Every structure is written in C-alpha cells, then in structure tokens.
Amino acid sequence: MSFQVVVLWSDALLFVLIAAIIGLMLWARRQDALRAAWGRVARDGMAMSAATVLAAFVVVGLLDSLHYRARLEAQPGAPAGAPARYAVEVHSVLDALLADLRQRSEKTYSAPLATHLYSKEALADSAQREFPRLKHGGAHLGADLSGHEFDIAVRVSRGCAGGMAIWLLLVAAWCRLRGVEVIEMLKVGAGGTAIRPVVLTLLPILLLLGIAISLGGGYHVFGTDKVGQDVLYLSLKSIRTGLLIGTLTTLVMLPLAVLLGILAGYVGGWVDDVIQYLYTTLSSIPGVLLIAAAVLMMQVIIDTHPDWFATSAERADARLLALCLILGMTSWTGVARLLRGETLKLRELEFVQAAQAFGVGRFAIMRRHILPNLMHIVLIALVMDFSGLVLAEAVLSYVGVGVDPSTISFGTMINTARMELAREPMVWWSLAAAFSFMFALVLAANLFADAVRDAFDPRSSA
Amino acid sequence: MLAYIIRRLLYAIPILVGVNLLTFGLFFVVNTPDDMARMQLGVKRVTPEAIEKWKAERGYDKPLVWNAAAAGSAALTDTIFFSKSVRMFAGDFGRADDGRDIAREIGTRMGPSLAIAVPTFVLGLFVAISFALLLVFFRATTLDFAGVVLCVAMMSISGLFYIIGGQWLVSKVWHLAPISGYSGGLDAAKFLILPVIIGVIGGIGASTRWYRTIFLEEITRDYVRTARAKGLPERVVLFRHVLRNAMIPILTGVVVVIPTLFMGSLLTESFFGIPGLGSYTIDAINAQDFAVVRSMVFIGSVLYIVGLLLTDISYTIADPRVRLQ
C-alpha cells in the first residue's frame, strides 16, 4: 500500500450521516404520505436545481472527507523489511485531485489570472524594484506576455467546450437509458419534469468546472492569498467545514430536542417543569457568550492534553467536532420548545386518547403516535438550521471562538482577508471568493429548505 | 396582573441562579484561581506569594462552591461562587481583572450601544413591515415572487459581507461616512449612520419574509373576507384589519428583543470601533476576563427574562381578550 487510510472522527460521522440519509430515503419511498410530500419537493423546479447545486457541494465535501497519509520513500540505506513510514500530513482525496493547486504556491498575493506578483520587489538583475513574475501563474507563456489575454480566452472556450461535451454526453446517456427523446425531456411541462431542472442546473456547473480546470492548469483562477496559497483551493477546502458544521450540529441537537420536547409536553408535571427550567436557563444566556465560554473551556482542555492527538489534523478535527457539539448543545432549546407546544396539542387529540384508553404505555404512545406527527417539524428545523449554521461559523471564527485557525473554512478565510481591503491596490479576491462560495451554498440550502417546508408543513399547503 | 408579574419575577430567580452556576462551572472546570492569577500577573512576576496575594485581594482565596472548613450555612456562603454571584443580584458586579469597576464601565458603554441598536431596530422594523405589506398587497404576482427571491438571496449573504462591503463602498470609495470610530454628542451621528444602515439592510431579508408569512396566514381568515365583502379597499383591509390582527405573532418575536438592545451588537461594534457593550464583551472574551463575561451573561439573562415578561404584557395591550393570571 502506498498510503495509509486515516479516518477522522468527523469523516466517520459524516459517512454515518450519509448512510442514515440514504436509509431514510429508502424507507420513505415505502411510506405513501412521505412519498407524496417528497413528490411535491421533486416537482418544484427551484428546489430541484437547488438540490443539484447542494449535491455538487456535497460531492466536494465527501471527496475532502476521505483522508489518508502518503507513504514516504524508503530511505536508501534502509533494510528491505523495514516498516513503511508515512507522511505526517493528512491529505484527502480532494487534496490529491487538486495537488497542482495545492503545491503551486506563490510568494504572496497575486491577482486572479495574473502573471506578476502583487507587490514590487528588488530583482537581482535590475536596479529598480519591479513586479516579479509568478512562479506558476502564466509560466507557460514564457517571456512574451502579449498572448496573455488570448491565452485566457482560448482556455475559457476550451473549458466551456469540455463542460458542454460532458453535459451532452450525460444527457444523451440518460435519455438513452430511459428511452426518452432529448428534446422531449427538455420541453417545458413535459411528463417527468423532476429531471429537467437538474439537467439544466448541471450545465452551468459543468461549464464552470470546465473553465476552472482549463484555466487552473496555467493560472491562479482566484489569485493567491498572503502566503501565496491558491484561493480556489482554499475555497474548495472550506466547503467540507461548512457542511460539517451545518449537519453534525443538527445531529447533536435533534435527539436532545426531540426527547426533551416530547417528554415535557406529554408527561407534564415536574418533568415539564425541569425541562422548561433547563431550556429557559440555556436560552436566556446570550448565544455568542455561551458558545464563547464553552469554546474557550474546550480550547484549554485540548491545549493541556496534546498527547490525545497523533497529528495536527486530528487536533483540528477534535476542535471542529467540539464546536459542533457546543453549537448543538446551545441550539436545541428553540426546537424543543416548538415540539413541546405541538405535543401539548397532540396529547388532547382523539387518537391519542383512544390509545390511552386501550392501555398503550406512555413511551409507546410517544414513539408510535406523537413522534410521527412531529417529524415534519423536525425535518423542517433540520433543513432550515443548516444555512444559519454555515453563516454562524464565519461569524464565530471572526470572534475567535470558531474552528481551529489551521482548519480551512470560510470563517478563517474571511478573518485573514478582512484587513486586505485597506491595502492599495486593494486585495479583494480572497474575500470575494469566500463570500461567493458561501453565498452559493447558503442560497441553495435556503431554497431547498423552503421547498421542503412548503411540502411538509400542513399549514402552508392550504 | 400584578400578581402575575410578581410570580414571573420570582420565577426568574432560580433561572438566574442556574445561569450563574453554568457560567461559573464552564469557567472553573478548566481554570483554577491560580491560573487566573498567573495569567494576570504575567510570567515574570509569578511567585507563590504573589499568586496568594492576588487571590486574597480579589477574594479568590476561598473554596469554589463548598467550604468544608466552615460551619453551618457558612459552608455555602463563604465560597467564591456565593460571594461573587450573590452580589450581582444587588447590582454590584465587582471589578474587572484590570481593576476597573464593571458597573461603571457598563454605564458609560451603554450609551453608544443604544445609539446604534435602537435606530437599527426601529428602522429595521418599519422597513421590514412596510416591505412585507407591499409584497402581500401584490401577492401572487411577479412582484411578490421577485420580492421573495430577493429576500432569500439577501438572507443568504453573510452578515460579515454587509459590514465589510458597506464599509468599503460607502467609506472608502464614496467617502460619505467615516469608516469607524465614535464620538460623543451630536457628532456621533456621522459615525452612526453607516452601521445603522448596514444593520437595517443586513436584517431586511429574513424579517420581511417572516412578516410576509404572518400576514399571508392572517389574510385567509374569515374577517378579511367579510371586510372585503363590505367593499373596503384592499389598502384599508391590510392596514386596519390584517396589520392589527397580526400584532400577536409580531409582538412574540419583537418585544423579547427590545431589552437585549442594551447589550449591543458584537459584530457591528467591533467592526466600527464603537465603544459599546458588544465590543466590551468581545474584548473580555479575548482577554478571558471572567468577571466581565459573567456580568454580561448575567445582564443578558436578566434582560431576556424581562423581555419575555414584556411580551406577555404587550399581548394584553394588543389583544384585550388576553388576560394574565
């Protein structure tokens, strides 16, 4: 083996989560009511194209969650049977795919698609200070820069053509498989419309991908940051962090919220009092302060136990997980209150009273009769919280209580780039890249969440 | 109603004790008073005597929550937790680690915080409700659809972007307002205008959409149909009937926020260099000044509880049928 697989805790949880979602989807297919509701989501064009964009982000995030440590070259004098040694750094499959971007770093800032560095330097062969050429950006052009713009245009059109070709291939293959005419599928209002927005959204994604690959081969598409790292690479790496925080936090929050909310609403009495006291106390503390206090505490614990973690990646990962845990512990109160109120209403309905009259146990009633009737609230809370959490990560990292500074995330990108607008000339590209990627992710999540809410909320279907 | 208010205020006491215990626990699980002393004294001056002196001066030389050496009720009272927490109920927040009086600091910093938070809140509320009514007036048209899409797009943009982008555009490119800073008196207006506008714009997407849903829910009711059947113009239906009847859900979300306006906004204040309570809190978090963080948490909780109470009282004003008991 030329590498050693590393499974970080967050990777494992992410894959468990994906498996759970697939399992739930298979289960939901057999439930008529759920299939009808998801059918409404599928018929919503906006939702399907948002889902496509989200899926693209998830693919990047998953590629970035398969970690390994590369095997080091055997030392020349080492005996043949010596145990293999592995690199200290943990890389992901995404890192391997983007090895070019990751390794071709410059000295410092450079603008998108630039051929020269951002700041002047004293060059060896000239008396004046000049903008030095980049080591990698536009290096293939040689000394003659007159073809710079032409080269970019060629690469963009080549990328477009490539993306278009792949899209056409995919569309043709799909139509062949299903036995549908291509024109028929792309028509407005055709029978199986669920696929049409997906196909149409796939086109710009593939075009952008084609352009990025073709331009990225010779330039830094989004420029480089202060230490010369490629901004496109950083943006792509940030996706995983955002996805993790958005999903794992709800994973922590939901069991707590569901259990306590239903217990408080159904059992009542002192149980209700204790649970209400708990969530009123927690929610009366200003959110950021509670999170800050908890994060600082955890930071001290991590700092005082360096022996727990084999690599720095594991330490950063532990901090990321702890942040999700803390966010989850502080954000369950809202959903719990909602579920308690709904349970109070359900408890008085006939079907619950009938179950009580039949002598069904308390916990059986909660599980069989109350919980299924609350699932739409849980689902809506889950999708609605996602985008808020992605945005919150950036703010928390700015306050200094977010992810580990060595973890690449939108928050850390913005935090390191925010003073750069004051430079002359302005360094805008890393901020712009971080904000646009975040905007695309959050917008897609919001649109999808809206469609899910419309489909599942009984009130909105009226 | 008075009995109700008193009962709610009494109910707040266990919550505040819980809040204090929680912050206390979070902090002292990992920090000992010795650690605090070491951090404050700096590396050079740390001697066992200096640490003991620092702790004794600030009352950190007692046990944390349980004084086994003391007899009777003193076992509970003669501890760091009790001596530091109980005084807060009387409004005595003690001193920050740098020796300044926290209560006084809060008093002077409250002004700038309110100067930003109140205009942002009032203007934001007005703008969002107006937009929402406009969208409802044009419901199920292209304008409504475009408005909702715009709202979703606006709420998908990071709050940091509004601040950074606004500072760059208005202050650096257009030179319309100073980029950051603060001064007292009427001069403050020119420093306040940018953060207030950015605050309003940043919040508009989410709140407009929220109010729109509330109004749309209200507009399907029977009384609205009756009002239209009477021949009232849509404008009157919206302002007279729908807006008033939507007050309860609006108040639920809005009134609870009012008292917490005192706390200021962490992000806005630290970006615009405004010496308010929000930036005070951030500085305290970064300096790990427990006394300040604890005081801010305490005040925040008190204000939140007051907000909940005010919400209940405001219901009785908005809807005379509501009785508190």
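This is a predicted model: local features need pLDDT of at least 70, side-chain atom pairs count only at pLDDT 80 or more; totals for chains, interfaces and linings use all residues.
Residues are numbered from 1 along each chain as its sequence is written, chains are lettered from A and ligands numbered from 1 in the order in which they are written, and side-chain values use heavy atoms, with hydrogens and water left out.

Q: How many helices and strands does chain A have?
A: Helices (H or I, at least four residues) and strands (E, at least two) are DSSP runs, numbered from the N terminus. The C-alpha trace of chain A spans about 95 × 65 × 55 Å along its principal axes. The count for chain A is 16 helices and 5 strands.

Q: What percentage of the residues of chain B count as buried?
A: Buried means under 20% relative accessible area, exposed over 50%, and partly exposed in between (1.4 Å probe, protein chains only). In chain A, buried residues make up 45% of 462 residues. In chain B, with 325 residues, the value is 46%.

Q: Where does helix α12 of chain A bend?
A: Helix α12(A), residues 312-347, reaches 51 Å from first to last C-alpha, close to the expected 52 Å. That expected span is 1.5 Å times one less than the number of residues. The bend, which is the angle between axes fitted to the seven residues ending at a residue and the seven starting there, is about 35 degrees at Ser331(A).

Q: Which residue forms a salt bridge with Asp11(A)?
A: A salt bridge is a side-chain nitrogen of Lys or Arg within 4 Å of a carboxyl oxygen of Asp or Glu. For Asp11(A), the closest N and O atoms of the pair are 2.5 Å apart. The pair links helix α1 to helix α9 of chain A, 229 residues apart, and both residues are buried. The partner of Asp11(A) is Arg240(A).

Q: What separates Glu105(B) and Arg109(B) in helix α6 of chain B?
A: Their side chains meet in a salt bridge at 3.4 Å, N to O. Glu105(B) is buried at 13% relative accessible area, and Arg109(B) is buried at 17%. Because the two are 4 residues apart in the helix, they are separated by about one helical turn.

Q: Is Arg228(B) buried or partly exposed?
A: The side chains of Arg228(B) and Glu234(B) meet in a salt bridge of 3.0 Å, N to O. At 32% relative accessibility, Arg228(B) counts as partly exposed.

Q: Which residues does Ile157(B) touch, not counting residues up to four places away in sequence?
A: Ile157(B) lies in the loop between α7 and α8 of chain B and is partly exposed at 22% relative accessible area. Contact means heavy atoms within 4.5 Å. The residues touched by Ile157(B) are Leu391(A), Phe439(A) and Tyr162(B).
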